[in-house]
Amino acid sequence: MRAVLSIGSNLEDRRALLGTVVDDFRADIVAASPVFSTPPWGVEDQGEFLNAVVLIDVPGTPRQLLRRGQALEDAAVRRRVRHWGPRTLDVDIVQVMEEGKEVLSDDPVLTLPHPFAHERAFVLVPWLAADPSATLRGRPVAEWVAELDPVEVSAIKEVGSLL
């Protein structure tokens with residue numbers, strides 16, 4: 001299965017925390033975006049995030065991948081105190097592809113593709129950097145980015161390499 005992971009952090013050593021995801025998936029990485037500095041989204045009274053996207057090929061099921069991502073969040077002492085609030089590490093499964101087809105799921109535990117990915121520049125801009133030919137819900141990610149607020153897109157700044 002191929003999966004797109006969006007990873008982010010705005011607490012503690014943000015770059016090192018993103019690195020824990022890279023370390024865990026190193027053998028599975030197909031492509032990775034640069035690291036981007038992004039303003040907070042949803043709840044704006046918090047620090048800037050570092051965000052990136054990692055494309056991976058892994059065996060197993062989407063639920064197993066979810067548990068693996070949650071284990072990385074737990075290891076980073078992630079606490080879900082406030083919706084869209086500050087976090088040490090966020091590992092979101094944006095999309096899963098199996099046999100070249102996008103997996104669709106309306107399961108409330110793991111909705112696929114991520115229900116808000118198409119609205120979030122901090123997901124789409126790094127994803128486009130990692131895979132310029134990416135598609136989401138049958139449309140090129142570049143088209144989704146073109147529909148976002150240009151101010152939101154321009155606020156996202158590349159700040160270094162993930163790998």
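At 1.5 Å a residue, the 12 residues of helix H1 should span 16 Å, and since the end C-alpha atoms of H1 lie 17 Å apart, the two values agree. The expected span here is 1.5 Å times one less than the number of residues in the helix. This is a predicted model, in which local features need pLDDT of at least 70 and side-chain atom pairs count only at pLDDT 80 or more, while totals for chains, interfaces and linings use all residues. Residues are numbered from 1 along each chain as its sequence is written, and side-chain values use heavy atoms, with hydrogens and water left out.

**Helix H1 and its surroundings**

Let us stay with H1 for a while. Helices (H or I, at least four residues) and strands (E, at least two) are DSSP runs, numbered from the N terminus. Helix H1 covers residues 14-25 and packs against helix H2, residues 62-75, at an angle of about 135°, with the axes 10 Å apart. Axes are lines fitted to C-alpha atoms, for helices over the stretch in contact, and angles run from 0 to 180 degrees between N-to-C directions. That angle makes H1 oblique to H2. For reference, angles under 35 degrees count as roughly parallel, over 145 as roughly antiparallel, 65 to 115 as roughly perpendicular and the rest as oblique.

Which residues of H1 and H2 make the contact? From H1 they are Thr 20, Val 21, Asp 24 and Phe 25, and from H2 they are Leu 65, Arg 68 and Leu 72. Contact means heavy atoms within 4.5 Å. Sorted by class, the contact of H1 with H2 has 4 nonpolar, 1 polar and 2 charged residues. In this sorting, Ala, Val, Leu, Ile, Met, Phe, Trp, Tyr, Cys and Pro count as nonpolar, Asp, Glu, Lys and Arg as charged, and the others, Gly among them, as polar.

H1 also has buried residues: Leu 17, Leu 18, Gly 19, Val 21, Val 22 and Phe 25. Buried means under 20% relative accessible area, exposed over 50%, and partly exposed in between (1.4 Å probe, protein chains only). What covers these buried residues of H1 includes strands S1 (2-9), S2 (29-32), S3 (35-38), S4 (49-57) and S5 (90-98), together with H2.

**Helix H3**

Now look at helix H3, residues 121-130, where 8 of the 10 residues are buried, so H3 is largely enclosed by the rest of the structure. The buried residues of H3 are Ala 121, Phe 122, Val 123, Leu 124, Val 125, Pro 126, Trp 127 and Ala 130.

Leaving aside neighbours within four places in sequence, Leu 5 is in contact with several residues, including Phe 25, Val 54, Leu 65 and Ile 93. Ser 37 has its place in strand S3. With the neighbours within four places in sequence again left aside, Ser 37 is in contact with Glu 48, Phe 49, Leu 50, Ala 155, Ile 156, Lys 157 and Val 159. Val 159 itself lies in strand S11, residues 157-160. Not counting residues up to four places away in sequence, Val 159 touches Arg 15, Val 35, Phe 36, Ser 37 and Leu 50.

| Residue | Relative accessible area | Class |
|---|---|---|
| Leu 5 | 1% | buried |
| Ser 37 | 15% | buried |
| Arg 137 | 37% | partly exposed |
| Val 159 | 38% | partly exposed |
| Glu 12 | 65% | exposed |

**Backbone details in the loops**

Where does Glu 12 lie? Glu 12 is in the loop between S1 and H1, and has a positive phi of about 60° although it is not a glycine. Arg 137 is found in the loop between strand S9 (135-136) and strand S10 (139-140). Phi of Arg 137 is near 55°, a positive value in a residue other than glycine.

A cis peptide bond joins Leu 112 and Pro 113, with omega about -10°. Pro 113 sits in the loop between strand S8 (111-112) and H3.

Val 109 is in the loop between strand S7 (105-106) and S8. Its C-alpha is 9.2 Å in space from that of Leu 66, and the two residues are 43 residues apart in sequence. Leaving aside neighbours within four places in sequence, Val 109 is in contact with Arg 63 and Leu 66.
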